[in-house]
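Okay, everyone, let's get going.

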Amino acid sequence: MLSIHLINHLLQQNPEVCQQLSGYNGIVIAIKTGSLNIVGRINQHGLLDSTRKPASTTLILHDDALPKILQGQFPTLNDLAIEGDMELGIGIMMRCAQLRYTPQQDLRRIFGDETVERVAQKTEKVGRILTVLGQTLMFQAASIAPSREQQQLADQLAACTDALNAVQNQLEQANRRLDEMERQLKMYDVD
């Protein structure tokens, strides 16, 4: 089951959480969000195995929690609920709150260390160049007494700066999506 593989991939990047979850060996849990319902038995390694048994506890992520998580934000308590054994659910949820995802590991595995380093260096260099260019143009525009045409140019420059910021945000979002894809691909390699 792909969803269990994805969860296990995340867990494997957090060995301390796996160690803590291994204490729940044999317990069946469910994770629900939207139409997704994942049921798994915690094994001796702190990972999930597929099972058809009913869950002892269910961790529920409300609909607005999943987009937050995919954007790298942490859900708030208002985004979560527990059904079934509350004490067990709280114990598992507290351990899962320690989960962290590091996309760099996945990117390096897919593309290799050299490629990731080169892309990071080039992206950083482009960002510095655009920042200096934007600051220079803003300084020049501000130092000239603004005529109507100059004001229009300054407005266009500001619009370009906003567009560059939007492109940078889209690049960051694309990187997060690549990280997510890599994480999904890595799950196939685990088995």
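Let's start at A65, which sits in helix α3, residues 65–70. Keep in mind as we go that this is a predicted model. So is A65 buried or exposed? It counts as buried, because its relative accessibility is 0% and the cut-off for buried is under 20%. Now look across to T33: A65 and T33 are 32 residues apart along the chain, and their C-alpha atoms are separated by 8.3 Å.

Okay, let me zoom out for a second. The chain has 191 residues, and buried residues make up 27% of them. In secondary structure we've got seven helices and five strands. If you read from the N terminus, the elements go α-α-β-β-β-β-α-β-α-α-α-α. The accessible surface comes to about 12700 Å², and 57% of that belongs to carbon and sulfur atoms. And if you take the contacts with a separation of 6 or more, 62% of them are between residues 24 or more positions apart.

Now the sheet. In what order do the strands of the open sheet come? The order is β3-β2-β1-β4-β5, five strands with mixed pairing. At the edges you have β3, residues 48–50, and β5, each of which pairs on one side only. Neighbouring strands here are turned by 35 degrees against each other on average, if you ignore direction. As a quick reminder, strands of a sheet pair through backbone hydrogen bonds, either parallel or antiparallel.

We can go through some of those pairings. β2 and β3 run antiparallel and are joined by three bridges. In β3, D49 is the bridge partner of R41. Then β1, residues 28–33, runs parallel to β4, with five bridges between them. If you want a spot to look at there, K32 stands opposite I60 in β4. On to β5, residues 80–84: β4 and β5 run antiparallel, again with five bridges. In that pair, L59 stands opposite I82 in β5.

Let me stay on β4, residues 57–61, for a moment. This strand is mostly covered, and five of its five residues are buried. Which residues of β4 are on which side? T57, L59 and L61 are on one side, T58 and I60 are on the other, and they are all buried, so both faces of the strand are covered.

Nonpolar side chains tend to be buried together in soluble globular proteins. In this model the largest nonpolar core has 19 residues, and the ones touching the most other members are I7, L11, L21, Y24, I42, L48 and I92. The elements giving two or more residues to this core are α1, α2 (15–21), β1, β2 (36–42) and α4 (86–96).

L11 is in helix α1, residues 2–12. L11 is buried, because its relative accessible area is 4%. Setting aside neighbours within four places in sequence, L11 is in contact with V17, C18, L21, G46, L47 and L99. Take L99 from that list: L11 and L99 are 88 residues apart in sequence, yet 7.1 Å apart in space, C-alpha to C-alpha. The other one is Y24. Again leaving out neighbours within four places, Y24 is in contact with I42, L88, G91, I92 and R95.

Some of those names take us into helix α4, where L88, G89, G91, I92 and M93 are buried. What do the buried residues of α4 pack against? They pack against α2, β1, β2, β4 and β5. There's also a cap at the N-terminal end of α4: D85 has a side-chain oxygen 3.2 Å from the backbone nitrogen of E87.

Last stop, N14, in the loop between α1 and α2. Why do we call N14 buried? Because its relative accessible area is 3%. If you don't count residues up to four places away in sequence, N14 touches Q98, L99 and R100.

Who wants to go first?

Methods: Residues are numbered from 1 along each chain as its sequence is written. This is a predicted model: local features need pLDDT of at least 70, side-chain atom pairs count only at pLDDT 80 or more; totals for chains, interfaces and linings use all residues. Side-chain values use heavy atoms; hydrogens and water are left out. Helices (H or I, at least four residues) and strands (E, at least two) are DSSP runs, numbered from the N terminus. Buried means under 20% relative accessible area, exposed over 50%, partly exposed in between (1.4 Å probe, protein chains only). Contact means heavy atoms within 4.5 Å. Two strands pair if DSSP finds at least two bridges between them. A nonpolar core is a set of buried Ala, Val, Leu, Ile, Met, Phe, Trp, Tyr and Cys residues joined through side-chain atoms within 4.5 Å. Axes are lines fitted to C-alpha atoms, for helices over the stretch in contact, and angles run from 0 to 180 degrees between N-to-C directions. Accessible areas come from the Shrake-Rupley method with a 1.4 Å probe; for residues, only the protein chains shown count as cover. A polar contact is a pair of N or O atoms within 3.5 Å; within protein, one must be able to donate a hydrogen and the other to accept it, and residues adjacent in sequence count only if both atoms are side-chain atoms.
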